[in-house]
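This briefing covers the ligand site, the pockets and the cavity of one structure. Please look over the sequence and the model before reading on.

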Amino acid sequence: MASPLKSLVNDDSRYQKAFHLFLERSSEHQCMQDFIHKVLPDILASIGNGKSHLNVIGVGSGDGHIDLEMFSELRLKHPGVTVDHQVVEPSSQQLYSYKVLVAQRSDLGYITFNWNKMTSSEFEDQWKSKQMTKKADFIHMVQMLYYVADIEATIRFFRSLLDKNGKLLIILVSGDSGWGTLWRTFRSQLCACEISQCVTTADVKVFLDSVGAKYTSYALPSQMDITECFAEGDENGELLLDFLTEVDRFGHTAPPQLKADVLKLLRDPACSRESNGRVIFNNTLEVVVVDPPT
Ligand code: SAH
């Protein structure tokens, strides 16, 4: 049965509000930064094969903060290179923030930014219609695969763009996180719209294994304080609940039983732990670094 619930991504401004609150309440970006500065450098060192010009594609880059952190490490491993960076991002608000961020920096002259205000599948169509043969050295999709209609096709396409030694980096919530539990339990009720939101790295790995792709994965432990979700009528709690379920105004539009079941599971040890009276949700992420097809 089709779900009557509306996806949060259809309301960009509410989505952005919820996403920013999520960043405030979670260690999402901190754990990514740890990874970027401790593990990513060795991965980046292996790309490029000594070339002086690298092609990078950022898919769903958001406001660019994470992209620029990655570039700082890329630059250290490949001093003197120039970079062509294709930013694929459908949200004009996010692209604007990204451009503002770039304008504030004077150390990015080695990067040519190409702004593609479009979805990944529109980018794919454009790439194919222009019959592009350019290969990419590094492609990243950080927390974006939830928003595509067909994750397998998306991974297949972007992986096919990799040059020899290239890497496709995917970050999503881990199948072992609270998100994994929540989505496994309520997938059919929450994720019945046209895009495949309730996806974790467990799904990505099943696909990669099925096509025999070589990859390496890294778990990034992370947490999110969801205490406000349990205060009836709390505005932040409602936004966080929307973000967790990916449903627009979940608290008001979901059938009461579904809402009660979701709230119950959210504070269950399968999803969260209690600490000093706070409910701390398991937000563990996972990075999957995929090799090109051989
Ligand atoms: N990578 C950033 C932003 C993650 S939020 C970070 O980790 O901070 C997900 C981003 O994907 C949003 O900016 C959203 O606008 C973008 N997005 C949504 N649907 C998309 C699609 N179909 N193709 C590409 N990007 C998409």
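In what follows, Ala, Val, Leu, Ile, Met, Phe, Trp, Tyr, Cys and Pro count as nonpolar, Asp, Glu, Lys and Arg as charged, and the others, Gly among them, as polar. By these classes, the lining of the largest pocket is made up of 23 nonpolar, 14 polar and eight charged residues. The model is a predicted one. The ligand takes up the space of the largest pocket.

**The ligand and its surroundings**

- There are 17 residues around the ligand, and those that come nearest are His-29, Gly-60, Glu-89, Ser-120 and Val-142.
- Seven residues of the shell around the ligand are nonpolar, nine are polar and one is charged.
- The side chain of His-29 has an N or O atom 3.0 Å from an oxygen atom of the ligand.
- Glu-89 places a polar side-chain atom 2.6 Å from an oxygen atom of the ligand.

**The largest pocket**

- The volume of the largest pocket is about 900 Å³.
- Its lining has 45 residues, with Tyr-15, Gly-60, Glu-89, Met-144 and Tyr-147 nearest the centre.
- Two or more lining residues come from each of α1 (12–25), α2 (28–38), α4, α6 (120–129), α7 (151–160) and α8 (178–190).
- With seven residues, α1 gives the most to this lining.

**The second largest pocket**

- The second largest pocket holds about 170 Å³ of space.
- It is lined by 14 residues, of which Cys-229, Ala-231, Glu-232, Gly-233 and Lys-259 are the closest to its centre.
- The elements that supply two or more residues to this lining are α10 (235–245), α11 (250–253) and α12 (256–266).
- The most, three residues, come from α10.
- By class, five lining residues are nonpolar, four are polar and five are charged.

**The cavity**

- The structure has one cavity of 30 Å³ or more.
- The volume of the largest cavity is about 50 Å³.
- Its lining consists of Leu-44, Val-56, Asp-67, Met-70, Phe-71, Leu-74, Phe-138 and His-140.
- Both α4 (65–77) and β4 (136–142) give two or more residues to this lining.
- The element that gives the most is α4, with four residues.
- Six of the lining residues are nonpolar, one is polar and one is charged.

Notes
Residues numbered from 1 in each chain as written. Predicted model: local features only at pLDDT ≥ 70, side-chain atom pairs only at ≥ 80, totals over all residues. Heavy atoms only, no water. Near = heavy atom within 4 Å. Polar contact = N/O pair within 3.5 Å; in protein donor to acceptor, adjacent residues only side chain to side chain. 1 Å grid on protein atoms, 1.4 Å probe; cavity = no way out; pocket = protein on both sides within 12 Å on 5 of 7 lines; lining within 4 Å. Sits in = over half its atoms within 2 Å of the grid points. Points joined across faces, edges and corners; volume = space filled by probe spheres on them.
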